[in-house]
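I list what I looked up, entry by entry.

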Amino acid sequence: MSNKSAHMTKIITYTAISTALMASGAFIKIPFFPVPLTLQSLFCVISGATLGYKYGPLSQFIYIILGLAGLPVFTSGGGIAYVFSPTFGYILGFVLSSFVVGFILKYRRVKSIAGYFAVCFAGLLCVYIIGVPYLFAVLNIANKYGKGFAYFLTAGFLDFIPGDILKAAAAASVLKLAGKQFGL
């Protein structure tokens, strides 16, 4: 087996593992309204860091395709109708998050836990850039929920900051330990 084949086999394997972790992270959840707390965002930033800005987002995209194809990999099932779910914007945000983390780590050499924490937290914030407006649009505009954007900013973002700090710290610790394995 050539070095190029071995490298691609490794990338495909890690991408598949990342996709599987995203699916399993959907089932490790604490139900909140309007958005459940899951481990998906933790796995998302780790995928961006370990797979880079090309293959990290690819793993997220594959996860989305599997869910939209009908596999029950999202927190509440799967299927094409899931695009009308208030939380689908967060799922789309995983692609951006993984890309941003991978991109930053490609062009900025990070060696400290604090550096990894900052990159991971920035990646987590990317999930909300798409997730919160989508949540607002589906619940407030499409379903006439009747709440202002400030409500959704709080319920769909600010309430999750303490958990995201813990997730970013956990991801930073994992990345610091696994840095040599993944060339970080």
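**Lys176.** I began with Lys176, which is partly exposed because its relative accessible area is 42%; buried means under 20%, exposed over 50%, and partly exposed in between, with a 1.4 Å probe and protein chains only. I found Lys176 in helix H6, residues 161–182. Helices (H or I, at least four residues) and strands (E, at least two) are DSSP runs, numbered from the N terminus.

**Basis.** I am working from a predicted model, where local features need pLDDT of at least 70, side-chain atom pairs count only at pLDDT 80 or more, and totals for chains, interfaces and linings use all residues. Residues are numbered from 1 along each chain as its sequence is written, and side-chain values use heavy atoms, with hydrogens and water left out.

**Positive patch.** Which residues gather with Lys176 in a patch of positive charge on the surface? I noted Lys54, Lys106, Arg109 and Lys111. A patch takes residues with over 30% relative accessible area and no salt bridge, joining like charges within 9 Å and nonpolar side chains (Val, Leu, Ile, Met, Phe, Trp, Tyr) within 5 Å. A salt bridge is a side-chain nitrogen of Lys or Arg within 4 Å of a carboxyl oxygen of Asp or Glu.

**Nonpolar patch.** I then listed Leu58, Phe61, Ile62, Ile65, Leu66 and Leu71 as a nonpolar patch on the surface, with about 480 Å² of accessible area together. Leu71 sits in the loop between helix H2 (40–68) and helix H3 (88–107). I put Leu71 down as partly exposed, since its relative accessible area is 44%.

**Cysteines.** How many disulfides does the structure hold? I counted zero, taking a disulfide as a pair of cysteine sulfur atoms within 2.5 Å. For Cys44, which is in no disulfide, the nearest cysteine sulfur is that of Cys126, 9.0 Å away. Cys126 is likewise in no disulfide.

**Cis bond.** I checked the peptide bond joining Phe33 and Pro34: it is cis, with omega about 5°. Most peptide bonds are trans. Pro34 lies in the loop between strand S1 (29–30) and strand S2 (37–38).

**Gly115.** Is Gly115 buried or exposed? I recorded Gly115 as buried, because its relative accessible area is 19%. Gly115 belongs to helix H4, residues 113–142. From Gly115 to Ala172 I read 57 residues in sequence and 8.0 Å in space, C-alpha to C-alpha.

Conventions
Areas by Shrake-Rupley, 256 points an atom, 1.4 Å probe, with all protein chains shown as cover. Lys, Arg positive; Asp, Glu negative; His and termini not counted. Charge placed at Lys NZ, Arg CZ, Asp CG, Glu CD.
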